[in-house]
Amino acid sequence: MFDRRLIQHFDWVLLGLTLVLAGIGILTLYSAVNASAVLGRPTGPPVYLKQLYSFGVATIAMVVTFLFNYKLLHRWGGVIYGFSIVLLLAVLFAGKEVSGSQRWLMLGPLSFQPSEIAKITVAIVLARYFSDHMAIVLARYFSDHMSQEGFGLRNLWKPLFWCLIPFLLIARQPDLGTGLVILLIAASMTLFVKVERRAMICLTGAGVFMCSVAWFFLKEYQKQRIAIFVDPGKDPLGAGYHIIQSKIAVGSGMFWGKGFLEGTQNALSFLPEQHTDFIFSVLAEEWGFLGSAVFVGFYVATIVWGLSIAMRSKEPFGTVLAVGITSMLFWQAVINVGMALGLLPVVGVPLPLISYGGSSLLVTSIGIGILMNISMRRFMFKS
């Protein structure tokens, strides 16, 4: 029987923020591929229409996601994770290769990236593990009255293993950006549930060591991206071109911006990947510092609201899962905007709800649907 309290507790704030950001994304994509028409140049493909269709599908997925009780994700977390790994393995053998990267699986005329799905599945399986063990830690605390510092190394090897499998499979495609996001999601969730000091020191040391070793396994273009990040002027017409043109576009917007469809860096095709990796540069050039600040403000509000959902959840699984989904949105936004501003290396991470891409839009909408699900059902669990 339908519980009317679900309607009473529906999260209109999160829905409103999502629609605003998605609307900004459609308008920015329209500008990214049609600004050239202002100067009489041929327009680009109608990717904004494809994004609009994708958002329709993503909205349906979001609705379906918040209709069922999210506790089912706890019950089926292992199956969901296993299915995600199977999809990642399928990419290695039957994936479609584009621009030297094998990241897409074809489903008839449609294609999607299983690496995007892995972000959600890692958050689910880690939330399941941490929430179960948080209950054990609390039981110990109340039984022997001894304070618990947090999770130790013996409790963290399983989550580490579960994260490394999708990370390695995604890095093999290669898609280092998405792999990095997965590790950041896992790190955020782990820090939230608290880690013993000794375990933290060991993990930090191991992370630094692995980063040093990983340098020798990076492809040449990946090493070049890091080197260009340090000094973009080293190759201004080659590897450094993206960062330099993006910074010019952002800076040329100044305070008020040049206006909708008036961005010259975009219209003259100086700005590469303007509808995907550098979509924020298009927005910043047209709407300036003021418009960019308002846009970032919507993101900050979404992140803060996601964390408030986590804090208002009445049971551990919902709390930890909400933190994982929110951290997914946070890190993708930080990395993408950081790339556009030249503060971070170019790693190909989409801006949630803004960058062109059906897979990213679908997974982001599912994540927001999960947050709505947790928010709507907080009254069902006693504190």
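Predicted model: local features only at pLDDT ≥ 70, side-chain atom pairs only at ≥ 80, totals over all residues.
**Entry 1: Leu321 and the core.** Setting aside neighbours within four places in sequence, I found Leu321 in contact with Leu73, Ala123, Ile124, Ala127, Ile370 and Ile374. I then turned to the largest nonpolar core, which has 82 residues. Leu321 is listed with those having the most contacts inside this core, together with Leu126, Phe130, Met189, Phe295, Leu351 and Met372. Helix H14, residues 316–340, supplies the largest share of the core, 13 residues. I noted as background that in soluble globular proteins nonpolar side chains tend to be buried together.

**Entry 2: salt bridges.** I examined several of them.

In one, the side chains of Glu315 and Lys71 meet at 3.1 Å, N to O. This pair links distant parts of the chain, 244 residues apart. Glu315 lies in the loop between helices H13 and H14, and Lys71 in helix H4. I recorded Glu315 as buried because its relative accessibility is 8%, under the 20% limit. Lys71, at 30%, is partly exposed.

In another, Lys119 meets Glu116 at 2.8 Å, N to O. Both lie in helix H6, three residues apart, or about one turn of the helix. I found Lys119 buried at 1% relative accessibility, and Glu116 buried at 4%.

I also looked up Glu285, which forms a salt bridge with Lys258, their closest N and O atoms being 3.1 Å apart. Glu285 is in helix H13, whereas Lys258 is in the loop between helices H11 and H12, 27 residues apart. Glu285 counts as buried at 0% relative accessibility, while Lys258 counts as partly exposed at 31%.

How values were computed:
Residues numbered from 1 in each chain as written. Heavy atoms only, no water. Core = buried A, V, L, I, M, F, W, Y, C linked by side-chain atoms within 4.5 Å. Buried < 20%, exposed > 50% of the residue type's maximum accessible area, 1.4 Å probe, protein only. Helix = DSSP H or I, 4+ residues; strand = E, 2+ residues; numbered from the N terminus. Contact = heavy atoms within 4.5 Å. Salt bridge = Lys/Arg side-chain N within 4 Å of Asp/Glu carboxyl O.
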